There are 2 protein chains.
Amino acid sequence: MEERTELNILGEFGLIHRIASQQQFSHARTVKGIGDDAAVSKGNTDYQLVSTELMVEGVHFDLSYVPLKHLGYKLIVAGISDILAMNGLPTQVTVSIALSNRFSVEAVDELYAGILTACEDYEVELVGGDTTTSRSGLVLSVTALGTVEKDQIAYRRGASVNDIICVSGDLGGAYLGLQILEREKQVFLEAPESQPILAGHEYVLQRQLKPEARLDIIKQLRELNIVPTSMIDVSDGLASELRHLAAESGLGVRIFEEQIPIHQKAYLAATELKLGPFTAALNGGEDYELLFTIRQEDYQKILDQTTDISFIGFISADPTEALLITKQNEAIPLTAQGWEKQGE
Amino acid sequence: MEERTELNILGEFGLIHRIASQQQFSHARTVKGIGDDAAVSKGNTDYQLVSTELMVEGVHFDLSYVPLKHLGYKLIVAGISDILAMNGLPTQVTVSIALSNRFSVEAVDELYAGILTACEDYEVELVGGDTTTSRSGLVLSVTALGTVEKDQIAYRRGASVNDIICVSGDLGGAYLGLQILEREKQVFLEAPESQPILAGHEYVLQRQLKPEARLDIIKQLRELNIVPTSMIDVSDGLASELRHLAAESGLGVRIFEEQIPIHQKAYLAATELKLGPFTAALNGGEDYELLFTIRQEDYQKILDQTTDISFIGFISADPTEALLITKQNEAIPLTAQGWEKQGE
């Protein structure tokens, strides 16, 4: 039988101690991590970055198909992705959780196993947090801290006309993975004896359940001495993030449908689900890729020396312009959804 | 009729813009506050502090008697109190909220009116956050940032034998205020036409609903050139916090019942509620006073030059000792509750 320890046996301080004792990684900036009123870091002359995210059960995740370990990992990814989106390097995180008694100590251990795995993978330290009771669902809050040299920072604003719009990795996979999980949940609810059909969809499922933050891209850009002129992470969907970049820079955007990076497994999932893969890429969200603009003169360096960055369009002078140029060479406003025929 | 604007009319970005536009205060360290992926601060050579708190409806607050404006104020107080407890000065906060559609824009405005009032009172800047949907109750998360010169930091550990234990303000009021509110809620539930009897209890109600963080005490200690040898804020109750200080320093504590500061209005409320005022002071929590230890040689300076600090005991050598010396000169373990006769 699976072990189950009631949370009240540990108590809050026992739980904090248990979490603290599991952490392997410590950051050079940390003077004092978990266990006092506040975490203490050594200052320096860089900019300090801070960002915070809230994840709520029933809104951001469904525990009927999201393993707690993956949820913890994704929480950290979501937090530090915002630091990366400033061209910063994440250093530390705090995590607060509100949970009900239906969670056992083993369940909390699973959640923190994911949190701490992500902390190790991204070399950030968990330096504090708060745990409390919830009357209803699980609520997770992450605050990520980071640093960036003053001349390296990339805001959402800052793009110039003719800057090239770049995006890392591929898009839409996380959304399509979610649709696969939702489909199988419905099948299970209607026929609990049936087995979920997930085979072949491992890629999009991983994009949904265990996304990665693109620390590697930030490191590559630094090695190439490229500072993006503007940057944001793709958490709400490409179309929405593009509109943010354009609005903050007071300029327009033009992107090309055929340049949008979509994984072949995302095409497969979209076909099976009768969804448009480009719609998923534009509006899906949760991919945690980096969307950024570069000067024309940096184009060749990225083309020659990186492999996982796509050039999807450019910044235009007209701030009212936010256009998608389709494969048929039609110009469609980026606010419009559903121009794709389903299953295309 | 009271104005009610549905939240979905604004949308998340509209809400963020609305909040950002209401903020008057900006901190000298802030390079970029609300409106990008992460907040940006200028670094320096001090220690950076970070602390986070979660407040959950039905666990930490009851909206049937807590005004949203006060709740927002208290959230910030709770957050920065942890920075003060490191002998630090708070600089910035981020606030995340999960809320359901039962909240109108006006309700969110009330909440942020309290948040921003506290930010102005304590000279901290709201630099970011996250707003999201909740399927059930309201959840609030605050992350407070601060700084402290390296030679000024006060940890929970660090006390020495014979250090004097000090506490600011008075204790138990917040707990007794809560009991008054709970009593009146029960009366209301049983007889909705009756008016709540709150007159005479303004002090303890304010302690519960609109507590203050003791930034003034931190400033006083700096003016006197006193660095506490250990410090914690009283959020869970004096007895619990004393055990933390003792355990972290590997020493014991002895405090004297007659030295515990209790406001006369707290005595009054306790009598009416048939509760022990010292029990409330020891175990009540949420007073957000500062509990700290000082060297013997700093005693006279505090005695002569401050007015709102009480000397309640001293640090002893035996780490197994955590004693309360009663007015009758009995020594009672601090873990014991309810030695007081009710209504004493």
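**Figure 1. The salt bridge between A:K301 and A:D298 in the predicted model.** A:K301 is partly exposed, with a relative accessibility of 28%. Its salt-bridge partner is A:D298, and the closest N and O atoms of the two residues are 3.6 Å apart. A:D298 counts as buried because its relative accessibility is 8%, which is under the 20% limit. Side chains of opposite charge can pair when their charged atoms come close.

**Figure 2. The salt bridge between A:E289 and A:R214.** The side chains of these two residues meet with a distance of 2.9 Å from N to O. A:E289 belongs to strand β10 (residues 289-294) of chain A, whereas A:R214 lies in the loop between α5 (202-209) and α6 (215-223), so the pair ties together parts that are 75 residues apart in sequence. A:E289 is buried at 1% relative accessibility. A:R214 is also buried, with a relative accessible area of 9%.

**Figure 3. The salt bridge between A:D308 and A:R214.** Here the closest N and O atoms are 2.8 Å apart. The pair links distant parts of the chain, 94 residues apart: A:D308 is in the loop between α10 (299-305) and β11 (309-316), and A:R214 is in the loop between α5 and α6. A:D308 counts as partly exposed, at 29% relative accessibility, while A:R214 is buried.

**Figure 4. A network of salt bridges in chain A.** Through shared partners, salt bridges join A:D170, A:R207, A:R214, A:D216, A:D287, A:E289 and A:D308 into one network. A search of the whole structure finds 30 salt bridges over all chains.

**Figure 5. The positions A:T52 and A:D130, annotated as "binding site" in an unreviewed UniProt entry.** The two positions are spread over 79 residues of sequence, yet they cluster in space, with a largest C-alpha distance of 14.0 Å. A:D130 is found in strand β5 (residues 125-133) of chain A. A:D130 is buried, with a relative accessible area of 12%.

**Figure 6. The surroundings of A:T52.** A:T52 lies in strand β3 (residues 47-56) of chain A and is buried at 4% relative accessibility. Leaving aside residues up to four places away in sequence, A:T52 touches A:S141, A:V142 and A:T143 of chain A, together with B:T94, B:S96, B:G129, B:D130 and B:T143 of chain B. A polar atom of the A:T52 side chain lies 3.1 Å from the backbone oxygen of A:V142.

Key. Residues are numbered from 1 along each chain as its sequence is written. Chains are lettered from A and ligands numbered from 1 in the order in which they are written. This is a predicted model: local features need pLDDT of at least 70, side-chain atom pairs count only at pLDDT 80 or more; totals for chains, interfaces and linings use all residues. Side-chain values use heavy atoms; hydrogens and water are left out. A salt bridge is a side-chain nitrogen of Lys or Arg within 4 Å of a carboxyl oxygen of Asp or Glu. Helices (H or I, at least four residues) and strands (E, at least two) are DSSP runs, numbered from the N terminus. Buried means under 20% relative accessible area, exposed over 50%, partly exposed in between (1.4 Å probe, protein chains only). UniProt positions are given in the numbering used here, feature names are shortened, and annotations may be inferred rather than shown by experiment. Contact means heavy atoms within 4.5 Å. A polar contact is a pair of N or O atoms within 3.5 Å; within protein, one must be able to donate a hydrogen and the other to accept it, and residues adjacent in sequence count only if both atoms are side-chain atoms.
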